[in-house]
Amino acid sequence: MTGILIYLIILLITAFLSPILISKGGKTAPWLLGMVSAAGFAWLLGFTGYISEGNSLNYTIEWLPELYLNFSLYLDGLSLFFALLVTGMGALVLVFSGNYMKPYAMKHRFFFLILLFEFAMLGMVLSGNLFTMFIFWELTSVSSFLLVGFNHEKPEARNAALQALLITVAGGLAMMAGFIMLGQMAGTLEINQLLKSGDIIRNHPHYLPALLLVLAGAFTKSAQFPFHFWLPGAMQAPSPVSAYLHSATMVKAGIYLLMRLSPVMGGTPEWKYILTITGAITMILGGYFAYSQTDFKKVLAYTTISALGTLVLMLGIDTDISIKAAIIFLLVHALYKGALFMIAGLIDKSVGSRDLRKIGGLNKVMPVASLAAIISLLSMAGLPPMIGFIGKELIYEAKFALPDIGNLLLVAGVMTNIIMVAISLALIFNLFLGPLKYPGERPTRPAFALRVGPSLLAGISLIFGLFPATVADFLLSPAIKSIRPSIDSFKLSLWHGFNEVLLVSFITVAAGVVLFLLYRKINPMLTHLNTEVITFRFADAFNKGLNVFLYLTKRKTSFIQSGYQRFYLMAIFIMTSVLAWYQLIYTWPEIESISFSRPGMFEMIILLLIVSSTIIAVLIRSRLAAILSLGAVGYGIGLLFIVYGAIDVAITLMLAETLVLVLFMVVIYHLPKFTNFSSKASRLRDAAVALLVGGFMTGLVLKAGQLNLNPKISDFYVENAIPLAHGSNIVNVILVDFRALDTLGEITVLVIAAIGVVALLKLKTKKGSAT
Amino acid sequence: MKSYIVQLAAARLLPVTLILSLLVFYRGHNEPGGGFIGGLMAAAGFIFYAMAFDTQEAEKKLRVSPLMLIVAGLSFAFISTLPSLFAGNPFFTGEWISLIIPLLGKLKLGTPLLFDFGVYLTVWGVIVTIIFNVMEE
């Protein structure tokens with residue numbers, strides 16, 4: 001298991017080295033990067049024997065065990081299945097990108113990001129602790145954001161990236177809350193222990209909120225209705241990203257989470273109904289939109305949404321057969337959709353368009369790629385002998401076996417599959433077969449690096465379809481067993497015999513052919529319907545909501561951050577004094593008697609000085625005199641400190657007073673002559689604020705005299721100043737020894753203030769000189 | 001404010017202020033004073049000088065940029081925290097050594113002194129930076 005940790009680290013290092021490799025390594029560099037990923041795939045493949053015997057591996061580094069936080073890795077059938085998917089697809093996509101990304105100037109950044117994503121995704125599926133998983137989960141969201149916005153000069157790409165990020169991260173936050181609740185319920189976040197505490201969690205009173213929060217994470221990530229709209233937007237990313245993140249792996253993260261937690265949270269009516277209803281709506285909606293698109297990538301994006309809906313639906317049905325169907329359909333979908341997205345990229349690259357109305361008959365220029373595409377599309381249509389056929393049959397079987405809502409789901413499923421058949425046939429006959437059509441120059445034969453990925457995936461779709469038993473044994477059974485340990489035997493075959501499922505399949509195909517024949521008539525109508533009649537767009541609604549939020553934020557900010565210092569000061573003064581007044585009045589009765597000692601002659605004179613200076617400062621009409629009298633107030637207070645023996649405080653106060661006076665003078669020097677800027681009303685307001693603050697300070701001082709502060713603290717300093725700190729000036733000893741960390745913080749703040757002043761003044765000067 | 005009397009006074013007073021500020025800083029551990037007060041005094045000396053001449057002259061007299069004072073001050077303050085770590089004590093523990101210096105007698109040196117010197121330099125630098133910048137405006 002440490003080997004897996006080491007491989008993750010190697011992958012991360014590779015990601016960081018890849019920019020250098022790509023810009024220096026030339027043509028072979030992407031192949032080398034693909035090899036790193038393929039090596040991981042091969043090495044993980046070595047675990048299949050051990051895992052398929054029902055074993056699992058666990059590896060934990062303690063982090064904050066008190067909060068159940070650990071860095072853990074966990075390998076069982078399910079995580080192995082996903083890990084193989086991530087590394088295998090990763091290798092093919094890296095090789096594909098090597099050629100596809102050639103014209104991009106920022107391709108080294110692309111390889112870094114896609115390897116970073118591979119690292120995150122692999123870490124996510126191998127996580128053995130929900131918090132480890134959460135961290136990797138968020139990392140996949142971030143790398144997806146950067147990859148969708150890869151063409152960041154285009155505003156649409158930036159918008160789509162932001163939208164994808166906001167939705168998935170918001171869901172991720174909700175999910176984190178759900179994880180915390182799960183941790184509180186079960187007393188652990190380790191997956192291998194959570195798997196055993198399903199009963200505690202399902203019977204816990206907080207089960208439903210926790211479930212909803214976790215589902216929010218899974219549904220946003222896996223583009224379930226009503227969060228589905230970010231996925232078509234994410235098609236702004238380069239095609240390898242769509243193939244890898246947005247069809248084969250990242251959007252399956254939510255599905256993975258549901259599968260992982262199915263033994264922990266599944267099996268309740270809540271789970272069943274939320275998942276089946278959401279899944280069914282997403283499935284049908286995706287199918288409908290896919291049928292009405294004209295952009296090849298958009299078609300694929302909506303069929304992906306539909307497939308994700310099917311997966312959620314299968315997990316919601318939550319029977320033995322539906323879990324089997326979900327696992328096999330996940331593999332089926334990853335195989336054909338990964339291939340098709342790569343082919344979409346390849347077409348885009350060699351034809352220069354993805355518009356289905358403008359392209360056709362591509363088998364004449366790219367026979368190999370077209371063959372791979374046709375095989376993949378047959379798998380998508382669920383036709384024999386592809387593995388997609390087996391997947392679809394199992395899905396039908398699962399719906400048949402469900403008593404109450406099964407029929408309804410079956411109808412929905414058949415409808416969706418009819419659309420899939422029609423789309424597949426339309427793509428096969430219009431895009432790849434038939435007369436050659438292209439908008440610009442005659443397309444050239446795509447490079448080998450572009451063909452290898454889709455061809456391999458299509459080949460696997462065919463081989464798995466012909467020999468399903470082998471793949472079932474070593475790969476699918478262990479994955480299914482880790483979701484549902486009670487399933488022991490798992491047999492797959494292409495031929496099930498004549499039964500009701502096969503009949504429904506025939507109906508599906510027949511209806512699909514009819515719908516395909518009508519495709520040319522219906523598609524423009526639906527396009528018209530979608531663009532002209534139904535003007536509501538989820539993505540637009542989301543953007544509008546976001547704009548309203550930003551507007552309100554701006555309003556709130558400009559209200560609080562007025563930009564006038566007097567308002568900031570007033571807010572601080574009023575808040576502080578009102579709160580303090582509340583507390584003072586509240587505790588006033590505790591002050592029984594305030595005893596005044598008779599002040600001496602000296603103190604009386606100082607007091608007179610302070611009071612008269614204050615009055616002068618308020619009334620006098622010369623600024624200079626007002627400031628000087630304020631200084632006199634300060635010196636007077638300093639004198640009082642001297643009288644009462646606080647020499648250090650007095651010196652500091654007087655020095656500070658002097659420097660502030662100087663500062664005032666310097667500023668005053670630049671100001672225009674004295675005029676009344678403020679109205680009478682605002683001066684009255686200022687007077688009120690001043691009285692409030694002054695009154696509160698007076699009250700505070702009176703109260704301070706009556707408080708019995710803990711004498712131990714000052715006694716401690718008096719007793720320990722010399723033995724512990726070797727100094728007899730207690731004030732200084734506190735500053736530089738007992739509370740030195742505070743002082744360090746304070747001088748740092750001073751420095752920041754100085755930098756702020758410099759920046760403010762220098763910035764202003766620059767602006768002034770520019771205009 | 002270009003008065004010869006003030007200029008002469010400022011030029012003569014500057015070294016006195018600096019020595020005084022160092023004295024106040026050093027004696028601070030046992031008697032009133034310390035890094036903060038010392039720093040304020042040193043800054044006051046230079047500000048008086050800048051008022052008598054101008055800020056350029058004062059900065060020339062200072063020889064280093066006030067920002068360098070800040071950098072040095074914060075660095076000293078931070079470095080003073082490190083010996084405690086090497087000694088295996090909790091962070092920021094004061095570490096002391098005693099030196100016997102002929103004529104002066106026993107001299108106790110410790111990290112709090114270094115820390116206080118850091119405070120002295122930082123306060124000096126910060127005040128000078130702020131006021132010089134405002135004066136130049």
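Me: What should I know before reading residue numbers and chain letters?
Reply: Residues are numbered from 1 along each chain as its sequence is written, while chains are lettered from A and ligands numbered from 1 in the order in which they are written. The model is predicted, and local features need pLDDT of at least 70, side-chain atom pairs count only at pLDDT 80 or more, and totals for chains, interfaces and linings use all residues.

Me: Start with chain B. How many helices and strands does it have?
Reply: Chain B has six helices and two strands. Helices (H or I, at least four residues) and strands (E, at least two) are DSSP runs, numbered from the N terminus. From that end the order in chain B is α-α-α-α-α-β-β-α.

Me: What does its C-alpha trace span?
Reply: About 55 × 35 × 25 Å along the principal axes of chain B.

Me: And how much of chain B is buried?
Reply: Of its 137 residues, 44% count as buried. A residue is buried if 20 or more other C-beta atoms lie within 10 Å of its own, exposed if 12 or fewer, and partly exposed in between, with C-beta atoms placed from the backbone.

Me: Take helix 3 of chain B. Which residues are buried there?
Reply: T55(B), A58(B) and L62(B). They sit on the same side of helix 3 of chain B because they cover an arc of only 60° around the axis. The arc is that of the directions from the helix axis to the C-beta atoms.

Me: What do those buried residues pack against?
Reply: Helix 2 (35–52), helix 4 and helix 6 (111–136) of chain B. Packing goes by contacts: two residues are in contact if their C-beta atoms, placed from the backbone, lie within 7 Å.

Me: What is on the face turned away from the buried side?
Reply: That face of helix 3 of chain B carries the exposed residues Q56(B) and K60(B).

Me: What comes just after helix 3 of chain B?
Reply: R63(B), which takes a positive phi of about 70°. R63(B) lies in the loop between helix 3 (55–62) and helix 4 (66–79) of chain B.

Me: Is R63(B) buried or exposed?
Reply: R63(B) counts as exposed, because it has 7 C-beta neighbours inside 10 Å.

Me: Where in chain A is there a positive phi in a residue other than glycine?
Reply: At Y68(A), where phi is near 65°. Most residues other than glycine have a negative phi, and most peptide bonds are trans. Y68(A) is in the loop between strand 1 (57–64) and strand 2 (69–75) of chain A. Y68(A) is buried, because 21 other C-beta atoms lie within 10 Å.

Me: How do strand 1 and strand 2 of chain A pair?
Reply: In the antiparallel sense, over seven bridges. Two strands pair if DSSP finds at least two bridges between them. Y59(A) stands opposite L73(A) in strand 2 of chain A, and the hairpin has four residues between the strands.

Me: Which peptide bond is cis?
Reply: The one from F225(A) to P226(A), with omega near 0°. P226(A) lies in the loop between helix 10 (207–221) and helix 11 (230–233) of chain A.

Me: How many residues of helix 12 of chain A are buried?
Reply: Ten of its ten residues, 239–248. Their packing partners include helix 4 (77–100), helix 5 (107–126) and helix 15 (296–317) of chain A.

Me: Which residues touch the most other members in the largest nonpolar core?
Reply: In this core of 197 residues they are L147(A), V148(A), L311(A), M314(A), I343(A) and A422(A). The largest share, 21 residues, comes from helix 16 (residues 320–351) of chain A. A nonpolar core is a set of buried Ala, Val, Leu, Ile, Met, Phe, Trp, Tyr and Cys residues joined through C-beta atoms within 7 Å.

Me: What lies apart from it?
Reply: Another core, of 55 residues, among them L744(A), Y49(B), I70(B) and F115(B).

Me: How many residues are in contact between the chains?
Reply: 34 residues of chain A are in contact with 37 residues of chain B. On the side of chain A, helix 28 (647–669), helix 31 (730–738) and helix 32 (740–770) are the elements that give two or more residues.
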